[in-house]
Amino acid sequence: MLLPCSPDENVQLVSDNPVALVKELKKETGKDIWLCGGGALAATLFSEIDEMIVKLNPLVIGAGIPLFSGAIEPTNLELADRKIYSNGFMLLHYRVKH
């Protein structure tokens with residue numbers, strides 16, 4: 001389901017050619033680019049991803065959403081940081097080694 005409009009003035013919704021947009025944004029000066037959109041977007045943009053933050057919840061809910069919902073080349077990741085919360089929730093911050 002697509003959002004009809006951005007929930008925040010600092011959030012830009014994009015529905016076409018995300019690779020071209022990310023390449024243009026990377027040419028600009030400024031802060032990091034944060035992308036959310038699920039496995040299909042992650043697979044589409046994999047060649048442009050420099051870092052990934054993987055969130056793990058200590059809850060099994062069924063099939064779930066794949067991290068990448070498309071074929072990508074095997075790629076090494078380097079663990080850059082991690083945070084483990086008392087409830088078992090984890091944030092794993094990886095650098096992608098293209």
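## The sheet

Six bridges link β1 to strand β3 (residues 90-97), and the two run antiparallel. Strands here are DSSP E runs of at least two residues, while helices are H or I runs of at least four, numbered from the N terminus. Two strands count as paired if DSSP finds at least two bridges between them. Across from Met52 you will find Tyr94 in β3.

Stepping back, three strands make an open sheet in the order β1-β3-β2, with antiparallel pairing. Its edge strands, each pairing on one side only, are β1 (51-56) and β2 (76-84). On average, neighbouring strands of this sheet are turned by 25° against each other, direction ignored; axes are lines fitted to C-alpha atoms, and angles run from 0 to 180 degrees between N-to-C directions.

## About the model

This is a predicted model, where local features need pLDDT of at least 70 and side-chain atom pairs count only at pLDDT 80 or more, while totals for chains, interfaces and linings use all residues. Residues are numbered from 1 along each chain as its sequence is written, and side-chain values use heavy atoms, leaving out hydrogens and water.

## Before the helix

Now for the segment before α1 (18-27), where Val11 lies. Val11 counts as partly exposed because its relative accessibility is 39%; buried means under 20%, exposed over 50%, and partly exposed in between (1.4 Å probe, protein chains only).

Asn17 also has its place in the segment before α1. Its phi is near 45°, a positive value in a residue other than glycine. With 49% relative accessibility, Asn17 is partly exposed.
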